[in-house]
Amino acid sequence: MTITSYKRLKQALIKQRREVTASPQAASRFIDDLGLRDIVITSAENAAAPKKAATRKAVPKKAASK
């Protein structure tokens with residue numbers, strides 16, 4: 001890859017990032033174009049699901065030595 005092609009690719013990616021972060025609709029289109037909708041939705045559903053609070057068993061205190 002030449003420096004010129006690298007710079008063109010970098011500029012295209014920067015432009016794409018600006019467009020995708022500009023609006024939720026553009027981000028949604030980008031996710032659909034990549035074919036990642038099922039991954040994103042599954043991850044979002046898992047993150048939104050309420051988690052069970054971890055319960056800890058009470059540990060009895062040891063009697064103080066005398």
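Aspartate 32 is partly exposed, with a relative accessible area of 42%, where partly exposed lies between buried, under 20% relative accessible area, and exposed, over 50% (1.4 Å probe, protein chains only). The model is a predicted one, in which local features need pLDDT of at least 70 and side-chain atom pairs count only at pLDDT 80 or more, while totals for chains, interfaces and linings use all residues. Residues are numbered from 1 along each chain as its sequence is written, and side-chain values use heavy atoms, with hydrogens and water left out.

**Salt bridge**
- The side chain of aspartate 32 meets that of arginine 37 in a salt bridge, at 2.8 Å from N to O; the term stands for a side-chain nitrogen of Lys or Arg within 4 Å of a carboxyl oxygen of Asp or Glu.
- Arginine 37 also counts as partly exposed, at 26% relative accessibility, and the structure holds 1 salt bridge.
- Side chains of opposite charge can pair when their charged atoms come close.

**Overall fold and surface**
- The chain contains 3 helices and 0 strands, and its pattern along the sequence reads α-α-α; helices (H or I, at least four residues) and strands (E, at least two) are DSSP runs, numbered from the N terminus.
- Of the 66 residues of the chain, 6% count as buried.

**Packing of H1 and H2**
- Helix H1 (residues 3–22) packs with helix H2 (residues 24–34) at an angle of about 120°, their axes being 5 Å apart; axes are lines fitted to C-alpha atoms over the stretch in contact, and angles run from 0 to 180 degrees between N-to-C directions.
- H1 and H2 are therefore oblique to each other, since angles under 35 degrees count as roughly parallel, over 145 as roughly antiparallel, 65 to 115 as roughly perpendicular and the rest as oblique.
- Gln16, Glu19 and Val20 of H1 make the contact with Ala26, Ala27 and Phe30 of H2, contact meaning heavy atoms within 4.5 Å.

**Alanine 27**
- Alanine 27 lies in helix H2 and is partly exposed, its relative accessible area being 23%.
- The C-alpha atoms of alanine 27 and arginine 17 are separated by 9.3 Å, the two residues being 10 residues apart along the chain.
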